[in-house]
Amino acid sequence: MNIFRLAGDMTHLASVLVLLLKIHTIKSCAGISLKTQELYAIVFATRYLDIFTHYISLYNTVMKLIFLGSSFSIVWYMRHHKIVRRSYDKDQDTFRHYFIVLPCLLLALLIHEKFTIFEVLWTFSLFLEAVAILPQLVLLQRTRNIDNLTGQYVFLLGAYRALYILNWIYRYFTEPHYIHWITWVSGLVQTLLYADFFYYYFQSWKNNVKLQLPA
């Protein structure tokens, strides 16, 4: 554990809390992509299969439970809550997200560190997480007008991964033989996908105007 890893974890947790705050207090999921939330549910379900068989620390277990529970609860709210689901913009959220699941799985079968079920699924979760934000970014470009909580949610998600890159750099220079190309490349791809959003987010913050993405 180092300051960058801890900051990344807390930023990731903050992104989930912001989204849950929006859903629970405003009873709205407007501007949120159900497709992205479903992909994240798959990411955490496949990444944390070892939660009951491989104990690392109390902190690690609690964080796994939080991300598993929150991801599936968000999907449930958006699909089944009688008030929240009314605000879901199904007509705009049309990204065919399941078409990126199979390529990620095939890639994980080809590129992995060890050919075991846990390792392949863990690698699959890395590849899928790298592109899971795509439906959300497409939805934001289509709707253009982005409320503050949605903008903060997406910004925190991107910041979490950027902080993890700093964590990897720190560990590379402080830990012997710390090389994980699969994690690094997938994390870099994920961060680059946020580049356009980050630009417009900081522009809106600097100019004190409402965040809008170009169509």
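## Cavity and nonpolar patch

Val185 lies in helix 8. Its relative accessible area is 48%, so Val185 is partly exposed (between buried, under 20%, and exposed, over 50%; 1.4 Å probe, protein chains only). This is a predicted model: local features need pLDDT of at least 70, side-chain atom pairs count only at pLDDT 80 or more, and totals for chains, interfaces and linings use all residues. Residues are numbered from 1 along each chain as its sequence is written, and side-chain values use heavy atoms, without hydrogens and water.

Val185 belongs to a nonpolar patch on the surface. Patch residues have over 30% relative accessible area and no salt bridge, and their nonpolar side chains are joined within 5 Å. A salt bridge puts a side-chain nitrogen of Lys or Arg within 4 Å of a carboxyl oxygen of Asp or Glu. Among the other members are Leu166, Tyr172 and Trp181. Helix 7 gives the most, with 4 residues. Helix 8 supplies at least two.

The whole structure holds 1 cavity of 30 Å³ or more. A cavity is a set of points on a 1 Å grid where a 1.4 Å probe fits but cannot get out; lining residues have an atom within 4 Å of a point. Val16, Gln37, Tyr40, Phe44 and Tyr153 lie nearest the centre of the largest cavity. Its lining divides into 8 nonpolar, 5 polar and no charged residues.

| Feature | Value |
|---|---|
| Largest cavity, volume | about 100 Å³ |
| Nonpolar patch, accessible area together | about 850 Å² |

Conventions. On a 1 Å grid over the protein atoms alone, a cavity is a set of points where a 1.4 Å probe fits but cannot get out, and a pocket is an open set with protein on both sides within 12 Å along at least five of seven lines; lining residues have an atom within 4 Å of a point. Grid points are joined across faces, edges and corners, and a volume is the space filled by probe spheres set on the points. Ala, Val, Leu, Ile, Met, Phe, Trp, Tyr, Cys and Pro count as nonpolar, Asp, Glu, Lys and Arg as charged, and the others, Gly among them, as polar. Patches are made of residues with over 30% relative accessible area and no salt bridge: like charges are joined within 9 Å, nonpolar side chains (Val, Leu, Ile, Met, Phe, Trp, Tyr) within 5 Å. Accessible areas come from the Shrake-Rupley method with a 1.4 Å probe; for residues, only the protein chains shown count as cover.
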